[in-house]
Amino acid sequence: MASSYDLNDLKTRMQKSVASLKDELGGLRTGRASASLLDPVTVEVYGSRMPLNQVATVTVPEPRMLSVQVWDRSNANAVEKAIRDSGLGLNPMGEGQIIRVPLPELNEQRRKELAKVAHTYAEQARVAVRHIRRDGMDALKKAEKDGDMSQDDAKKQSDLVQKATDDSVAEIDTIVATKEQEIMQV
């Protein structure tokens, strides 16, 4: 077998794409508050951009409210601005070191927008999986051309790469369909 082709490595990379999609979708709002909602937010502090969870603690005191406890009081305004500018449609209210983030009711239009965002994330994940598939197929063609692998072995391996791709894309489709149901649920 060629050293540049490794089916397990390809499968691992595809699973990382799926895991990345799950993380991105975790930040999309559904009807109830979730601390992971603010995971994609980055804050400009100490001269660099940092994830919100590295400068504050996010809790869920009520079903429709998030509470952000900023560790360094001097960062409270930066955290508040980052949440407001995050594109999540949230309007934080600062009270010293604690920032309260009420979650407004999702109207039909906002739900549809969020569903579109979910589909965009899913398409990005599918494209990433297809790029990984292409890398694998290229490695197989090179191995066959260099004489490291017979034509029959290359065909079998390419079928396995295609199956791994199909499985990953099906998993992405399932995840996004579930998230869309969650978003559209009133």
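Colleague: In what order do the strands of the open sheet stand?
Modeller: Happy to walk you through that. The open sheet has four strands with antiparallel pairing. A strand here is a DSSP run of E with at least two residues, numbered from the N terminus, and two strands pair if DSSP finds at least two bridges between them. Read across the sheet, the order is β3-β4-β6-β5.

Colleague: Which strands stand at the edges of this sheet?
Modeller: An edge strand here has a single partner strand, so one side of it is left without a neighbour in the sheet.

Colleague: What kind of model are we looking at?
Modeller: Residues are numbered from 1 along each chain as its sequence is written, and side-chain values use heavy atoms, with hydrogens and water left out. Local features need pLDDT of at least 70, side-chain atom pairs count only at pLDDT 80 or more, and totals for chains, interfaces and linings use all residues, as the model is predicted.

Colleague: Which residue of β4 is the bridge partner of A56?
Modeller: Strands of a sheet pair through backbone hydrogen bonds, either parallel or antiparallel. β3 and β4 (residues 65–70) pair in the antiparallel sense over five bridges. In β4, the partner of A56 is V70.

Colleague: How many salt bridges does the count come to?
Modeller: Side chains of opposite charge can pair when their charged atoms come close. A salt bridge needs a side-chain nitrogen of Lys or Arg within 4 Å of a carboxyl oxygen of Asp or Glu. By this rule, the count is 14.

Colleague: Is K179 buried or exposed?
Modeller: K179 meets E182 in a salt bridge at 3.6 Å, N to O. Both lie in helix α4 (residues 151–184), three residues apart, about one turn; a helix is a DSSP run of H or I with at least four residues. Buried means under 20% relative accessible area, exposed over 50%, and partly exposed in between, with a 1.4 Å probe and protein chains only. E182 is partly exposed at 27%, whereas K179, at 10%, is buried.

Colleague: Which residues are linked in a network of salt bridges?
Modeller: Start with R130 and E123, whose side chains meet at 3.4 Å, N to O. R130 is partly exposed at 40%, and E123 is partly exposed at 34%. The network links E123, R126, R130 and D173.
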